[in-house]
Amino acid sequence: MAESVAVVLTGSGGAGVMTAGQMLLEAAAKAGYYGLMTRSSGPQIRGGEAAALVRLSTRPVAVHDDSFDLLVAFDWSNVGRFAPELPLSSDSLVLSDPAQGEMPQEIAAYGPRVAEMAFGKLAKTIKGGRPNMIGLGAVAKLIGLPLEPLLEVVTEALKRKGAEAQDASAAGIRAGAAAAAEIGGPATLDPAPEGGVERWNISGNEAAGLGAVRGGIRFVAAYPITPATEVLEWLAPNLADLGGVLVQAEDEIASINMCLGASFGGLPSLTATSGPGLALMLESFGLGIASETPIVVVDVMRGGPSTGIPTKSEQSDLNIAVYGMHGDAPHLVLAPNAIEDCVFTTQWAVHLAETLQAPAIVLSDQMMGQARAVVPRPADISFMSRRLVAEPCAEGEVYNRYALTASGVSPMAVPGTQGCMYTADGLEHTERGIPSSLAGDHLAQLDKRKAKLTDYDVGDHWADTEGEGSVAVLTWGSTTAPVREALARLRRDGKKIRLISVRLLTPVQPEKMAAALDGVDKLLVIEQSHEAQFFHFLRAYYDLPAEVEVFNRPGPLPIRPGEIVERLKPWMS
Amino acid sequence: MSGDEVGSFLAHAIALEDEAAERYSDLADTMDTHNNGEVAALFRQMAEFSRRHADSVRERAVGVEVPERKPWELMWSEPEGPETAPVERTHYLMTPYHCLQLALHNERRGHAYYADQAAKAGDADVRRMAEEMAAEEAEHVRLLEEWVKTIPEPEPDWDQDLDPPTTGD
Amino acid sequence: MTAQPLTAKDYKSDTKPIWCPGCGDYSVLAAVTKALAELQLPKEKVAVVSGIGCSSRIPAYVAAYGFHGVHGRALAVASGVKLARPDLTVWAFGGDGDGLSIGGNHFLHSCRRNVDMTYVLMDNQVYGMTKGQASPTTEPDWCESKLTPKGPQVTPIRPLHLALACGANFVARGFSGDPNGLAKMIVEASKHPGFSFVQVLSPCVTFRAEQRNWKQLVHESEDAEEVASDVPEAMRRLAADDGFATGILYAGDRPVYQPMHPAVTELAAIERRFAS
């Protein structure tokens with residue numbers, strides 16, 4: 001029996017591995033399990049090799065395990081290329097179709113147990129039968145997932161295709177399960193937990209979209225880009241239903257400028273992109289800073305630089321997000337650290353941007369964005385404060401858009417407000433908003449724009465801090481998930497260790513970080529960037545303990561919990 | 001018919017002075033911005049003259065129904081009113097001499113306009129008013145000609161600026 | 001008490017222009033304020049948007065809401081304002097460099113997107129803010145810039161052709177030397193639904209002093225009396241264009257892009273779809 005089971009389905013285009021993976025995840029959710037699904041695919045638009053990576057568990061899971069228990073190969077075309085992303089062990093089972101030839105060397109090298117199943121032949125025995133349904137039935141049987149929820153999910157999914165297709169798929173699933181009866185499964189899932197916790201099936205990109213609308217975003221202008229497009233695909237219909245709008249712009253520069261215009265008009269605005277798009281946007285992002293026009297940019301990070309690896313994850317946009325602006329340009333940079341946290345962090349980013357009249361960047365990544373998970377329903381959070389708007393001015397009264405105030409935030413007049421006409425300006429300006437090149441005005445406005453961020457009390461959300469002890473792991477974003485799992489394993493062995501996962505990257509929080517690190521003498525920094533960008537960022541802004549190590553690696557290979565445990569072992573007495 | 005003609009004539013006469021005043025006032029601001037206070041003061045004076053003329057036309061118009069005319073419905077022989085200083089005839093280094101020459105240019109055009117109106121008028125009242133106003137403009141021209149004589153002519157290189165333009169945004 | 005109608009002067013802000021004396025942009029500003037007076041728009045319901053350049057300084061000089069953005073992006077900002085706030089009247093301004101060089105892509109797409117706004121391109125065929133370089137509308141043999149001492153040697157963009165080809169719903173050319181006529185043109189552009197484009201010949205007396213004689217070159221288009229309502233006819237008229245003919249060339253009836261509609265559902269209903 002196992003608390004969690006990890007399954008990979010591989011096959012070329014047409015094999016339907018992604019569909020099968022999603023059905024498996026949904027069926028597990030129906031059966032009361034939690035789960036996670038990520039995907040890996042070749043560069044082809046259609047017909048490429050693909051892998052659906054699914055982990056099912058009795059508790060929420062945010063990351064894949066160190067190895068997979070079951071690999072189902074509908075065919076082997078180019079699957080060897082994925083081998084580093086599909087770690088197996090000698091306990092793993094590989095199930096493949098003998099008609100599809102030899103298992104690739106790279107997979108065989110893991111030394112798994114091997115069994116054969118003629119997916120293609122079996123499918124042909126059923127009218128309209130498909131190999132992926134045979135495989136699904138086999139998987140369910142092999143990991144101890146009941147067939148009923150799977151049949152329900154498939155029937156629901158094929159509703160539009162009609163009864164014939166539904167019956168064919170159901171027959172396929174049953175045939176697969178029957179064929180697998182003779183094969184011993186690699187691991188059997190523990191019974192699903194009892195109890196009525198509401199669970200959601202959501203991707204990180206959908207979660208970011210939901211966080212945006214929860215935060216009040218009603219205007220989005222964007223340009224499609226991998227791996228951020230699903231944020232937009234979720235937002236487009238839902239914004240329309242909520243009385244908002246998504247505009248597909250001609251490029252990223254237009255996108256962010258449309259957002260600035262809409263936000264100037266009073267509507268909370270957001271765009272979503274990835275590294276190349278963020279690079280294009282930054283000049284205008286600076287305009288948002290100078291003109292104090294709130295906007296939110298969600299950057300779903302991928303491998304860089306340049307076009308890099310569009311379909312694979314990396315945490316290498318930290319530098320451009322923090323340091324990418326010309327001039328002294330204080331702004332907000334936030335990062336969700338789990339799929340469901342994409343809801344909260346994006347919502348919080350909207351709240352901070354609107355409250356502080358400052359642009360924000362949300363650094364999600366492909367790992368979270370394109371992963372789908374069954375998670376407990378994200379809690380409802382409502383933030384009280386909103387954009388501080390100006391009241392109408394009487395005739396003769398002067399409205400100072402950029403008035404120097406105690407908080408640094410000045411009431412912003414929304415067009416339509418009588419007597420408050422002003423010009424938002426990227427030129428340095430006076431309190432009134434008149435262009436100025438005077439030293440005094442520049443200093444006063446720089447101070448104001450900085451103070452409104454640094455003086456604002458962000459509360460406890462700046463980081464997730466967990467555990468105790470003199471050893472700590474400091475990380476951010478999607479690498480938080482393997483760190484959490486690694487630390488859970490160590491704690492199960494009685495070790496004491498802390499986690500600090502930074503959610504608010506800027507403005508930096510030196511006092512809060514000092515408190516979080518109080519009593520820590522050994523620190524491991526973990527991140528997915530070749531240049532150790534996070535580590536250098538920490539070194540620039542924070543006092544770190546004397547003994548600091550960094551575990552950094554570029555994408556696309558994820559950092560796995562087992563590797564983290566190994567790195568920490570020497571420090572665990 | 002004659003009532004309409006009087007009204008239309010007065011609408012033009014008022015617009016002529018209003019637009020002239022507005023332009024002079026803008027030019028005064030422009031000269032202030034460009035640190036040419038002497039010329040700014042002169043333009044401001046011209047604006048004041050035009051405003052007074054506008055007032056006196058309005059006094060004549062008491063009791064007459066003056067129709068609303070949109071700026072583009074005014075029948076000038078040029079795109080702008082005859083006493084509206086052409087923007088392109090200004091320069092940041094212009095001297096009082098240039099300023100008065102520009103005013104003179106405008107007053108001469110004003111005189112020509114009213115003389116023409118008088119010649120074309122079908123209505124006796126219009127003809128009388130146009131003649132009076134033409135006479136007034138002639139007086140303005142005479143005064144300006146006298147005034148210009150008291151002002152030294154600018155050096156031939158008055159518009160030379162040894163420094164290059166500065167760059168902006 | 002009935003409010004006095006607003007005059008052109010009421011639409012002038014108390015910020016004074018920094019343009020060179022003699023610059024055509026002063027007259028464009030005069031035309032803008034006259035147009036606003038004709039339309040009697042409440043000042044707080046007007047948004048004037050621009051990019052960077054001499055002409056792009058105009059928002060601060062108009063008593064309305066304004067956005068002076070970065071170089072080339074005025075149309076994107078203006079589109080955002082109008083899409084988010086359909087109740088506002090949105091006018092975008094900029095020069096030939098801002099709109100046709102760095103912002104060229106946005107011009108193409110604003111023409112075809114057809115958001116209900118007006119774009120006034122103040123064309124002086126030169127970059128003034130950076131000391132007189134060739135712009136996309138400069139003649140190929142203009143040799144006065146240190147950057148292109150033998151002239152830019154490339155074909156100028158013809159803004160009206162471009163606007164028409166890309167689907168602008170209203171296309172016109174005006175002249176700063178006729179601020180009253182220009183005011184009327186801007187009024188009509190603003191009233192016309194969709195994306196209205198007005199190219200304004202607006203001389204630069206500092207870097208293109210020879211443009212002071214544009215007054216002699218500019219003439220009313222022969223077809224000014226009858227505005228073309230179909231694109232091929234407008235194209236035909238443009239074939240004979242000398243670049244100085246003023247008037248409204250084209251007024252079409254393409255559908256306006258305004259995708260914002262009232263809400264039909266609540267967030268809670270959307271969230272329920274995630275439940276498994």
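This is a predicted model: local features need pLDDT of at least 70, side-chain atom pairs count only at pLDDT 80 or more; totals for chains, interfaces and linings use all residues.

Trainee: In which sense do strand β8 and β9(A) of chain A pair?

Mentor: Helices (H or I, at least four residues) and strands (E, at least two) are DSSP runs, numbered from the N terminus. Two strands pair if DSSP finds at least two bridges between them. Strand β8 (residues 219-222) of chain A has 4 bridges to β9(A), and the sense of the pairing is parallel.

Trainee: Which strands are the edges of the sheet that holds them?

Mentor: The sheet is open and has 7 strands in mixed pairing, in the order β9-β8-β10-β11-β13-β12-β19 (chain A). An edge strand here pairs on one side only, and in chain A these are β9 (245-248) and β19 (504-506).

Trainee: Which strands of this sheet does helix α8 of chain A lie across?

Mentor: Axes are lines fitted to C-alpha atoms, for helices over the stretch in contact, and angles run from 0 to 180 degrees between N-to-C directions. Two residues are in contact if their C-beta atoms, placed from the backbone, lie within 7 Å. Helix α8 (residues 229-241) of chain A runs at about 135° to β9(A), and the strands of chain A that the helix lies across are β8, β9, β10 and β11.

Trainee: Which residue is the bridge partner of A:A73 in β5(A)?

Mentor: In chain A, strand β4 (residues 68-73) and strand β5 (residues 88-96) are joined in the parallel sense by 5 bridges. On its part, β5(A) also runs parallel to strand β6 (residues 113-116) of chain A, with 4 bridges, and A:V94 stands opposite A:V114 in β6(A). In β5(A), the partner of A:A73 is A:S96.

Trainee: Why is α5(A) described as roughly antiparallel to α6(A)?

Mentor: Angles under 35 degrees count as roughly parallel, over 145 as roughly antiparallel, 65 to 115 as roughly perpendicular and the rest as oblique. Helix α5 (residues 147-157) and helix α6 (residues 163-180) of chain A have axes 9 Å apart and pack at an angle of about 155°. The angle therefore makes α5(A), relative to α6(A), roughly antiparallel.

Trainee: How many residues does chain A bring to its contact with chain C, and how many of them are nonpolar?

Mentor: The contact takes 43 residues from chain C and 50 residues from chain A. On the side of chain A, the largest share, 9 residues, comes from helix α9 (residues 252-264). Ala, Val, Leu, Ile, Met, Phe, Trp, Tyr, Cys and Pro count as nonpolar, Asp, Glu, Lys and Arg as charged, and the others, Gly among them, as polar. By these classes, the side of chain A that touches chain C has 13 polar, 10 charged and 27 nonpolar residues.

Trainee: Which residue of β2(C) is the bridge partner of A:T423?

Mentor: Strand β15 (residues 423-425) of chain A and strand β2 (residues 65-68) of chain C run parallel and are joined by 3 bridges. The partner of A:T423 in β2(C) is C:G66.

Notes:
Residues are numbered from 1 along each chain as its sequence is written. Chains are lettered from A and ligands numbered from 1 in the order in which they are written.
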